[in-house]
Amino acid sequence: MKKYVCKTCGYTYDPEYGDTDGGIEPGTAFEDIPEDWICPLCSAEKKDFELEE
């Protein structure tokens, strides 16, 4: 699965780990995260993430 990086703070969402504090289970693809999810480090919106190169 693909990783996505926050353009604001550089946090990398890795689907292998999810975001358990944010209610996202490990194994959840970025595309399947709810649109109202926010970056756990800087609170940026999901639209502020881009595919990791």
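Modeller: Before we start, residues are numbered from 1 along each chain as its sequence is written, and side-chain values use heavy atoms, leaving out hydrogens and water. This is a predicted model, where local features need pLDDT of at least 70, side-chain atom pairs count only at pLDDT 80 or more, and totals for chains, interfaces and linings use all residues.

Colleague: Happy with that. Which residues carry the feature "binding site"?

Modeller: The unreviewed UniProt entry places that feature at C6, C9, C39 and C42. They are spread over 37 residues of sequence, yet cluster in space, with a largest C-alpha distance of 8.9 Å. UniProt positions follow the numbering used here, feature names are shortened, and annotations may be inferred rather than shown by experiment.

Colleague: Why is C6 called buried?

Modeller: Buried means under 20% relative accessible area, exposed means over 50%, and partly exposed is in between (1.4 Å probe, protein chains only). C6 has a relative accessible area of 2%, so it is buried.

Colleague: And what makes C9 partly exposed?

Modeller: C9 has 36% relative accessibility, so it counts as partly exposed.

Colleague: Where does C6 lie, and in which strand?

Modeller: C6 lies in strand 1, residues 4-6. Strands (E, at least two residues) and helices (H or I, at least four) are DSSP runs, numbered from the N terminus. C9 sits in the loop between strand 1 and strand 2, the latter being 12-13.

Colleague: Which residues is C9 in contact with, leaving aside neighbours within four places in sequence?

Modeller: C39, L41 and C42. Contact here means heavy atoms within 4.5 Å. With such neighbours left aside again, the contacts of C6 include C39, C42 and F49.

Colleague: What makes K3 and D14 a salt bridge?

Modeller: The term needs a side-chain nitrogen of Lys or Arg within 4 Å of a carboxyl oxygen of Asp or Glu. For K3 and D14 the closest N and O atoms are 3.6 Å apart, and the pair forms a salt bridge. K3 is in the segment before strand 1 and D14 in the loop between strand 2 and strand 3 (49-51), so the pair ties together parts that are 11 residues apart in sequence.

Colleague: Is D14 buried or exposed?

Modeller: Its relative accessible area is 15%, so D14 is buried. K3, at 33%, is partly exposed.

Colleague: Which residues are linked in a network of salt bridges?

Modeller: E45, K47 and D48. K47 meets E45 at 3.9 Å, N to O, and D48 at 3.6 Å. K47 has 60% relative accessibility, so it counts as exposed.
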